[in-house]
Amino acid sequence: MVSTNNASKRNPTQAIPAKIFHWINIVSLFVMLTSGLQIYNANPVFGGRGGLHIPPIFTLGGWLAGGRHWHFAAMWLFSLNLLWYGIYVLISRRWQHRFVSSKDLKALQKTKNSKRLVYAWHRIAYTSIIPILLLALFTGIGMYKPAQFPWIVSAFGSWQALRIVHFSSVPLVVLFAAIHSWLGMKAGGEKLTESMFW
């Protein structure tokens, strides 16, 4: 299997969509995270209004409405970024090398090749983040427009349950980012990781 780093050396233009995708993701996720914490402070998910409050240095928006404006603006940027990159991966057929297959599951059971194991785990992580992101967007839309999408709220049983599920998706995305970066380092070192941005 040819590494992403070697592939990008042969054809640097192939790496440009990935660079754009990663930069937009970093910016939009940072804005969503900090503005989401501002929204959280208005009515903490755990403990009601007397629950844990996040220090202002970690929040964006200044108050509830400001946090909501930033949060949903970044959500549209993030969603459209995922959409166009998903179309790019589909058209370019890069999905064949990005998502988990039965070969990866067999490799976890049989191979002793450390590089092959890293690739298998990376594809598993890459595949598992898709339902997590869809859940975060789905629950976010339900919270953003509950009057227009009451069935989303009903699907989770209550407004509070919807908020808890949405809030819980945040550490999962952060965990994925850490694992994704770590596996990238294991697969191709700093050069591969840096090639995703520069």
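This is a predicted model: local features need pLDDT of at least 70, side-chain atom pairs count only at pLDDT 80 or more; totals for chains, interfaces and linings use all residues.

Q: What share of the residues of the protein chain counts as buried?

A: A residue is called buried when its relative accessible area is under 20%. Of the 198 residues in the protein chain, 36% count as buried.

Q: How many helices and how many strands does the protein chain have?

A: The protein chain has eight helices and zero strands. Read along the sequence, the pattern is α-α-α-α-α-α-α-α.

Q: Where is Asn 81 placed, and is Asn 81 buried or exposed?

A: Asn 81 lies in helix 3. Asn 81 counts as buried because its relative accessibility is 2%, and the cut-off for buried is under 20%.

Q: Which residues is Asn 81 in contact with, leaving aside its neighbours within four places in sequence?

A: With those neighbours left aside, Asn 81 is in contact with Phe 21, Ile 24 and Asn 25. For Phe 21 there is a further detail: the side chain of Asn 81 reaches the backbone oxygen of Phe 21 at 3.1 Å.

Q: Which residues make the nonpolar surface patch?

A: Trp 76, Leu 80, Leu 83, Ile 87, Leu 90 and Ile 91 make a nonpolar surface patch of about 680 Å². Trp 76 is in helix 3, which covers residues 64-91.

Q: Why does Trp 76 count as partly exposed?

A: Partly exposed describes values between the cut-offs for buried, under 20%, and exposed, over 50%. Trp 76 counts as partly exposed because its relative accessibility is 49%.

Notes. Residues are numbered from 1 along each chain as its sequence is written. Side-chain values use heavy atoms; hydrogens and water are left out. Patches are made of residues with over 30% relative accessible area and no salt bridge: like charges are joined within 9 Å, nonpolar side chains (Val, Leu, Ile, Met, Phe, Trp, Tyr) within 5 Å. Accessible areas come from the Shrake-Rupley method with a 1.4 Å probe; for residues, only the protein chains shown count as cover. A salt bridge is a side-chain nitrogen of Lys or Arg within 4 Å of a carboxyl oxygen of Asp or Glu. Helices (H or I, at least four residues) and strands (E, at least two) are DSSP runs, numbered from the N terminus. Buried means under 20% relative accessible area, exposed over 50%, partly exposed in between (1.4 Å probe, protein chains only). A polar contact is a pair of N or O atoms within 3.5 Å; within protein, one must be able to donate a hydrogen and the other to accept it, and residues adjacent in sequence count only if both atoms are side-chain atoms. Contact means heavy atoms within 4.5 Å.
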